[in-house]
Amino acid sequence: MSRRARFLEALGITAEWVPRARDDAPQAEVVSEAVAVAAPVATPVAGPVTVAAQAAAPVVEAAPAIETAIPLVPVAPVAAPVSRAPAEPSLVPAGPEPDSAQAGREAAIAAMAWPALDAAVAGCTACGLCQTRTNAVFGVGDRQAEWMLVGEAPGENEDLQGEPFVGQAGKLLDNMLGALGLARGRNVFIANVLKCRPPGNRNPEPAEVAQCEPFLRRQIALVRPRVIVVLGRFAAQSLLRTTTPIGKLRGTVHAYEGIPVVVTYHPAYLLRTLTDKARAWEDLCLAREVHDRAGAGA
Ligand code: SF4
């Protein structure tokens, strides 16, 4: 059985998959995601994310927007602000330049080794989520991995167990990794943008993302993976600092701190949306290609 067939079987698609024409128009479920994101259209704020061009991987990067690359599917540039209607808040961290205390905190985190970083997350009180968490969820896996997976935030089970991606979504993620010849803890490090669970699994707030991102940035700097696979809309938009819908972020190689980034759907979303499971396989194939290319150029 081919690797793709094993993957689709793991996802619950047992019938033969018939290739279909590429279609960037979001599916019904994706439309709902897109609508939820598009409403607050905000101007992307140039932030501390810096991107260095990679010589080997043909990832085309441009500052400050990050969604240029070798798009397998062309991605339209981020539109200028068109609406000021209040709606769901953008995940793009916004606001004034960080004050000196915040800048000092970020600098301190950026210099931490693994033990200090682990302890800092466990004891963090930088946002209100510390008051409702059971456990801060640091991340898990091989700290010298070539692959890094980044999700949104802990859910109920993750909060209780202190590990990302447990429960049904975690099982699906493990199946996805298995289809790639990977396994949790072996050449993969898994983390979330937010380390503490938002109560009731509500959407993360921009201020929470802004406070927590330095931890993820340091984790990525320490792991230094060949490729980052971002799982889901919130993680993708907050990491890439964009309001572009996930349907348009897919299929393109982005970059974060000079590391190639591939966007795919969150396993919890895939559990509900049969139609997008085959697309997730396409995303992982792209990630595999980017990983191998980065290795060839190493
Ligand atoms: S979510 Fe992040 S910033 Fe907020 S308390 Fe938890 S570790 Fe700290």
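**Close-up views of the predicted model**

**View A. The ligand shell.** The shell around the ligand divides into eight nonpolar, one polar and two charged residues. Ala, Val, Leu, Ile, Met, Phe, Trp, Tyr, Cys and Pro count as nonpolar, Asp, Glu, Lys and Arg as charged, and the others, Gly among them, as polar. The model is predicted: local features need pLDDT of at least 70, side-chain atom pairs count only at pLDDT 80 or more, and totals for chains, interfaces and linings use all residues. Residues are numbered from 1 along each chain as its sequence is written, and side-chain values use heavy atoms, with hydrogens and water left out. Around the ligand stand Cys124, Ala126, Cys127, Leu129, Cys130, Arg133, Lys195, Cys196, Gln211, Cys212 and Phe215; each has a heavy atom within 4 Å of the ligand.

**View B. The open sheet.** Six strands form an open, mixed sheet in the order E1-E3-E2-E4-E6-E5. Strands (E, at least two residues) and helices (H or I, at least four) are DSSP runs, numbered from the N terminus. Two strands pair if DSSP finds at least two bridges between them. Strand E1 (140–141) and strand E5 (254–256) are the edges, each pairing on one side only.

**View C. Strands E2 and E4, with helix H6.** Strand E2 (residues 147–151) and strand E4 (residues 227–231) run parallel, joined by four bridges. Leu149 stands opposite Val229 in E4. Helix H6 (residues 167–179) lies across E2, strand E3 (188–192) and E4, at about 150° to E3. Contact means heavy atoms within 4.5 Å. Axes are lines fitted to C-alpha atoms, for helices over the stretch in contact, and angles run from 0 to 180 degrees between N-to-C directions.

**View D. Two arginines with positive phi.** Arg224 is not a glycine, yet its phi is positive, about 50°. Arg224 sits in the loop between helix H7 (206–223) and E4. Arg241, also not a glycine, has a positive phi of about 55°. Its loop lies between helix H8 (233–240) and helix H9 (246–249).
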